[in-house]
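The following exercises are to be worked with the sequence and the structure at hand. Each task is followed by a solution in steps.

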Amino acid sequence: MKATLAAVLFTVTAASAMAQGAGVTPVGLWRNVDDKTGEVKAEIRIAEANGALLGRIEKSLKKDAKPDAVCEECSDDRKGKPIAGLEIIRGGKKAEGKDVWEGGKILDPENGKEYRASFTPVDGGKKLEVRGYLGPFWRTQTWNRVQ
């Protein structure tokens, strides 16, 4: 009886811990939506390497997207690189005691500008608030989880 009760408690505790941890990370596949036009622009895959975020455009979803498009506006090592596969998120680590990843940078391939960024999973991890900062100014987009 005690062994059965212990097994049940362990299973419930493990399931609860998994449910709390599930989906509360930026890691996954996201669709970004332009906060001004509402247009779905791309699918971005975010991974974690050595405790920091890394995000690449998997595919452009814009109506006028060219399959062979490159980042013409980029001014760093990404200049001339294909948009598909382009690394747009670099860095960002989980803030202690908060469900927010800070200290990263995000690139806007349309204008070549890189912004300081934070990433906050919301709605149980179904959405991701992506905030880009340039000096005292900021802008937030809400991305939708695909996977």
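**Exercise 1.** Does asparagine 50 count as buried or exposed? State also where asparagine 50 lies and what marks its backbone.

*Solution.* The model is a predicted one.
Step 1. Asparagine 50 is placed in the loop between β2 (40–49) and β3 (52–60).
Step 2. The relative accessibility of asparagine 50 is 80%. A residue is exposed when this value is over 50%, so asparagine 50 counts as exposed.
Step 3. Phi of asparagine 50 is near 55°, a positive value in a residue that is not glycine.

**Exercise 2.** Describe the position, the backbone and the accessibility of aspartate 123.

*Solution.* Step 1. Aspartate 123 is found in the loop between β7 (113–122) and β8 (127–134).
Step 1. Its phi is positive, about 55°, although aspartate 123 is not a glycine.
Step 2. The relative accessible area of aspartate 123 is 48%.

**Exercise 3.** Which residues does aspartate 34 contact, leaving aside its neighbours within four places in sequence? Describe its surroundings.

*Solution.* Step 1. Aspartate 34 belongs to the loop between β1 (28–33) and β2.
Step 1. With a relative accessibility of 12%, aspartate 34 counts as buried, because the cut-off for buried is under 20%.
Step 2. The side chain of aspartate 34 reaches the backbone nitrogen of lysine 36 at 2.7 Å.
Step 3. Apart from neighbours within four places in sequence, aspartate 34 is in contact with Glu39, Lys41, Arg139 and Gln141.
Step 4. With lysine 41, one of these residues, the side chain of aspartate 34 forms a salt bridge, at 3.5 Å from N to O. Lysine 41 is buried too, its relative accessible area being 12%.
Step 5. The pair also has a place in a network of salt bridges, which links Asp34, Lys41, Lys62 and Glu110.

**Exercise 4.** How many salt bridges does the count come to? Examine two of them, glutamate 58 with arginine 45 and glutamate 87 with arginine 90.

*Solution.* Step 1. The count comes to eleven salt bridges.
Step 1. The side chains of glutamate 58 and arginine 45 meet at 2.7 Å, N to O. This pair links distant parts of the chain: glutamate 58 is in strand β3 and arginine 45 in strand β2, 13 residues apart.
Step 2. Glutamate 58 is partly exposed, with a relative accessible area of 38%, and arginine 45 counts as partly exposed at 32%.
Step 3. In the salt bridge of glutamate 87 and arginine 90, the side chains meet at 2.6 Å, N to O.
Step 4. Glutamate 87 is buried, with a relative accessible area of 16%, whereas arginine 90 is partly exposed at 28%.

**Exercise 5.** Which residues does the disulfide join, and why is it right-handed?

*Solution.* Step 1. A search of the whole structure finds one disulfide.
Step 1. This disulfide joins cysteine 71 to cysteine 74, with an S to S distance of 1.9 Å.
Step 2. The torsion about the S-S bond of cysteine 71 and cysteine 74 is about 75°, and the disulfide is therefore right-handed.
Step 3. Cysteine 71 is buried, with a relative accessible area of 0%; cysteine 74 counts as buried at 1%.

**Exercise 6.** Which residue lies over the face of tryptophan 101, and which over the face of tryptophan 138? How many aromatic pairs does the structure hold?

*Solution.* Step 1. Lysine 94 lies over the face of tryptophan 101, at 5.5 Å from the ring centre.
Step 1. Over the face of tryptophan 138 lies arginine 131, at 3.8 Å from the ring centre.
Step 2. The number of aromatic pairs in the structure is zero.

How values were computed:
Residues are numbered from 1 along each chain as its sequence is written. This is a predicted model: local features need pLDDT of at least 70, side-chain atom pairs count only at pLDDT 80 or more; totals for chains, interfaces and linings use all residues. Side-chain values use heavy atoms; hydrogens and water are left out. Helices (H or I, at least four residues) and strands (E, at least two) are DSSP runs, numbered from the N terminus. Buried means under 20% relative accessible area, exposed over 50%, partly exposed in between (1.4 Å probe, protein chains only). A polar contact is a pair of N or O atoms within 3.5 Å; within protein, one must be able to donate a hydrogen and the other to accept it, and residues adjacent in sequence count only if both atoms are side-chain atoms. Contact means heavy atoms within 4.5 Å. A salt bridge is a side-chain nitrogen of Lys or Arg within 4 Å of a carboxyl oxygen of Asp or Glu. Rings of Phe, Tyr and Trp (its six-membered ring) pair if their centres lie within 6.5 Å; planes under 30 degrees apart count as stacked, over 60 as edge-to-face and the rest as tilted. A charge sits over a ring if NZ of Lys or CZ of Arg is within 6 Å of the ring centre and within 35 degrees of the ring normal. A disulfide is a pair of cysteine sulfur atoms within 2.5 Å.
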